[in-house]
Amino acid sequence: CFGTSILTDSDSFQEVVVKIERRTYNKPFLGGFRNMSTGVEFHNAGSQTKPKKRPDKGIQLFCKETQTVVEKNKPQQTRNTTSTQMTKIGLYVSNMTDKLITPGKYFTAEEYHKRRLEAVIVLQKYFRRWHAINLVQNLMEQKRLRLAREAQEELQKKREKEEKLRREYEKKLNPKTKEDFELLYHDLELWMQEETERINRTLTGAERKAALCALLEEETELIACIGMHKLNANVENQQKAILQLLGKCAQPRRWKAFDGKITEMDTQNTLRGKELLEIYRSITTKGIPKDERTSVLLTLKCTVKEHECKLTQEIVALIDREVDLMSREVKECNLEGLRKRICTLFLQYIKIPEFNPEVAGLLKVPQDPLKLYKNVYFCHSCENYLPSTEFPIPANSCTIGRCRSCCQLDNEARKREAYFKYRLILENLRKSEVDYQDDTKIVFLVQVPDMQYLIENIWNSQSALSACSDLYELVMVRWDKQHEWSPWNTILLTKEEADTHLKLCDLQKAYEAPFIYKIKQKHIQAKNYFAQFPAMSSFLHRSNNQANANSYK
């Protein structure tokens with residue numbers, strides 16, 4: 001900045017501050033002249049202010065120089081100077097090596113473009129042929145893979161079916177559980193019905209009576225044989241239940257940490273349970289040498305001597321008696337009864353919470369006598385007081401009725417129905433409903449007899465789509481997956497059909513009207529049957545109100 005004086009009036013001046021902005025850009029050349037005598041160049045003055053910028057239009061603009069092509073013409077001379085010699089007066093040039101060239105047909109631009117179009121069409125033909133070949137090959141490969149996958153799935157289904165039949169045959173040959181004996185009695189009843197029908201159809205009079213008597217005797221023998229299998233299975237199952245109980249007592253505490261790892265911790269009670277489990281396994285092992293047996297008995301004696309009571313005194317006396325008999329070379333077959341008494345008394349010792357604190361929460365009979373008065377009911381069939389868990393209460397029941405043992409005994413003696421398949425379908429249905437996490441309740445009110453009636457009388461024991469009648473392959477799923485399962489919102493399908501059905505979004509578009517009408521009729525039958533149950537009435541009324549609201553909308 002610098003100051004300068006400006007004349008304002010005739011004899012007055014005013015000081016004015018002049019600011020000079022140092023330019024940060026090169027000013028454009030606006031012309032000028034040069035002094036011929038001195039050679040000094042003088043440029044025309046330009047404004048000191050910054051040039052006005054063009055408004056930003058959002059589009060990049062270029063000047064004319066950048067949009068045009070720079071062309072350059074340059075003549076070029078051949079390297080060697082050449083000339084053409086022609087025949088003239090005084091000069092003869094031979095034309096023996098000359099060639100006669102005739103002009104060809106004129107090639108127009110239209111013909112050129114037509115030729116290019118034909119060439120493009122040829123290229124398109126070859127490309128489309130190549131693309132079609134690849135497409136067909138891909139389709140054939142997909143078909144081959146699909147057929148191979150279907151064949152593999154079919155083979156897998158066949159193997160699973162054979163394995164299932166083999167397991168079912170093994171269960172009938174060597175029954176172990178209640179379900180195995182249930183299937184065995186059911187097959188016995190089917191055989192009896194077939195034989196009775198055959199006898200009534202083919203024989204008459206005295207021959208018929210004799211054949212029925214022989215059939216009755218054969219049935220009696222088979223029932224006795226099944227009873228022997230049941231006794232042996234009860235002994236094995238009882239031993240397994242004891243070991244399972246002791247295993248739970250010896251199981252360490254475990255919990256899941258924040259990182260997902262499982263942490264285990266042995267407490268004083270679990271260590272005590274593990275010690276008693278090892279001792280029980282040792283004293284129940286057969287065929288061990290005498291010195292090892294003596295060592296096990298001494299360990300058991302030291303363990304039970306920690307607590308003085310009548311039970312421990314009796315165990316110690318029996319141990320001393322066995323040690324004395326083994327020292328006298330008594331045969332092991334004569335010691336079996338004594339060893340069973342020792343095992344039984346030691347098991348009683350283990351089930352006392354004072355000696356094994358971990359068993360307190362695993363016993364069915366509570367230690368507090370006051371708890372026995374809660375949820376205990378009387379069975380009028382066996383005349384026993386049992387907890388509520390021992391009574392199967394169907395949805396249409398208004399009273400407690402008979403206990404599970406009496407119902408099972410009555411089924412084996414009269415109806416001999418097999419509920420295993422229906423129980424399996426109900427368990428799978430409950431697991432699938434829990435996965436929805438929408439607080440479903442009706443599925444837990446339905447019991448096995450209700451599920452049997454629903455499958456047999458309403459759905460005719462077959463799939464609604466494929467009419468498959470193998471109950472091992474059938475499952476119950478929701479008809480409309482947006483609402484909770486109920487007997488009037490269900491459909492019986494195979495496993496593959498159920499997976500496909502649950503993926504559907506609009507049932508009206510997926511199924512035809514006659515099929516939907518048939519399903520609705522079955523739902524009406526289920527409503528009429530389950531409307532008799534007091535526990536189902538509230539859910540049924542709520543479903544009707546919801547259906548009326550949807551129809552009104």
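1. Let me start with the lining of the largest cavity, which divides into three nonpolar, two polar and four charged residues. Here Ala, Val, Leu, Ile, Met, Phe, Trp, Tyr, Cys and Pro count as nonpolar, Asp, Glu, Lys and Arg as charged, and the others, Gly among them, as polar. The residues concerned are Thr285, Gly287, Ile288, Pro289, Lys290, Arg293, Met326, Glu332 and Arg339.

2. A word on the basis: this is a predicted model, with local features needing pLDDT of at least 70 and side-chain atom pairs counting only at pLDDT 80 or more, while totals for chains, interfaces and linings use all residues. Residues are numbered from 1 along each chain as its sequence is written, and side-chain values use heavy atoms, with hydrogens and water left out.

3. The count comes to one cavity of 30 Å³ or more, and the largest cavity holds about 40 Å³ of space. On a 1 Å grid over the protein atoms alone, a cavity is a set of points where a 1.4 Å probe fits but cannot get out, whereas a pocket is an open set with protein on both sides within 12 Å along at least five of seven lines; lining residues have an atom within 4 Å of a point. Grid points are joined across faces, edges and corners, and a volume is the space filled by probe spheres set on the points.

4. Now for the largest pocket, with a volume of about 1,400 Å³. It is lined by 35 residues, and Pro392, Arg404, Cys407, Gln408 and Arg423 are the closest to its centre. By class, this lining has 12 nonpolar, nine polar and 14 charged residues.

5. Which helix gives the most to the lining of the largest pocket? Helix 9 does, with eight residues. At least two residues each come from helix 3 (178-202), helix 9 (404-415), helix 10 (420-436) and helix 12 (448-458). Helices (H or I, at least four residues) are DSSP runs, numbered from the N terminus.

6. Helix 6 (residues 290-304) and helix 7 (residues 310-327) pack at an angle of about 160 degrees, their axes 10 Å apart. That makes helix 6 roughly antiparallel to helix 7; angles over 145 degrees count as such, and 65 to 115 as roughly perpendicular. Axes are lines fitted to C-alpha atoms, for helices over the stretch in contact, and angles run from 0 to 180 degrees between N-to-C directions. The contact (heavy atoms within 4.5 Å) includes Lys290, Arg293 and Leu297 of helix 6 and Ile315, Ile319 and Met326 of helix 7. Lys290, Arg293 and Met326 are also among the residues that line the largest cavity.

7. Helix 7 also packs with helix 8 (residues 336-350), at an angle of about 155 degrees and with axes 10 Å apart. Helix 7 and helix 8 are therefore roughly antiparallel to each other. Among the residues that meet are Leu311, Leu318 and Met326 in helix 7 and Arg339, Leu345 and Phe346 in helix 8. This contact has 11 nonpolar, two polar and five charged residues.

8. Lastly, the axes of helix 10 and helix 12 come within 9 Å and cross at roughly 100 degrees, and these helices are therefore roughly perpendicular to each other. Their contact includes Arg423 and Leu426 of helix 10 and Met451 and Ile455 of helix 12, and its residues divide into seven nonpolar, one polar and two charged.

Note on methods. Parallel < 35°, antiparallel > 145°, perpendicular 65-115°, else oblique.
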